[in-house]
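Please read the points below alongside the sequence and the 3D view, which are shown first.

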Amino acid sequence: MAKSEHWHRGVWPAAALAIALLGTGCRSDPPTPPPPSIAYAGLPVSGSLADARRSGFENCLQMDGGHLRCRRSGVMLLGEGPYEAALDLLGGDGSGGFRQITLWHDRDQSAVLKVGDALKRQGWSFRYTGEGGRGDQMILIRKDAPVHFSIDLSYWGKRRVRILPE
């Protein structure tokens, strides 16, 4: 195969693909509207940036071009805590709202497990993800509750409690 033929068959198609992919990154999708406002145990679970700010999540930092993280310290949940908490909003300006709340303890990895104990005492049912009932998350649900909980069990990273809309 001649050098010019190689250029035509190999480089041009690859260059055209690269240009097409770069072009798709420049297109902006229409903003996602925020989900309906849901709160549980006095904490916002889903909603808009205004809902986050009304709930004391004032410390906001743009994570990248498409996400805004708003944090609050000293959060109590079901008599447990205090925890750190964050709401991750879609859109660099948070206009897409948030769809869960995340809580963690900076120094005590076992602190979030107390939330699972409190929920079990209140009659929430639970299951584990993963193999043989020994997974990396405990999922807690209760019939007619507007939310469910996911609690990290693994030791890697920070253990978290996430509250998500049902």
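1. Cysteine 70 is buried in this predicted model, with a relative accessibility of 0%, whereas cysteine 60 is partly exposed at a relative accessible area of 24%. Here buried means under 20% relative accessible area, exposed over 50%, and partly exposed in between, with a 1.4 Å probe and protein chains only.

2. These two cysteines are joined by a disulfide with an S to S distance of 2.1 Å, a disulfide being a pair of cysteine sulfur atoms within 2.5 Å; the count by this rule comes to one. The link of cysteine 60 and cysteine 70 is right-handed, with 110 degrees about the S-S bond. Cysteine 60 lies in strand S3 (residues 59-64) and cysteine 70 in strand S4 (residues 67-77), ten residues apart.

3. The chain has three helices and ten strands, which run from the N terminus as α-β-β-α-β-β-β-β-α-β-β-β-β. Helices (H or I, at least four residues) and strands (E, at least two) are DSSP runs, numbered from the N terminus.

4. Of the 166 residues of the chain, 34% count as buried, and the chain exposes about 10,100 Å², of which carbon and sulfur atoms supply 56%. Accessible areas come from the Shrake-Rupley method with a 1.4 Å probe, and for residues only the protein chains shown count as cover.

5. Among contacts (heavy atoms within 4.5 Å) with a separation of 6 or more, 44% are between residues 24 or more positions apart.

6. On conventions, residues are numbered from 1 along each chain as its sequence is written, and side-chain values use heavy atoms, leaving out hydrogens and water. Local features need pLDDT of at least 70 and side-chain atom pairs count only at pLDDT 80 or more, while totals for chains, interfaces and linings use all residues.
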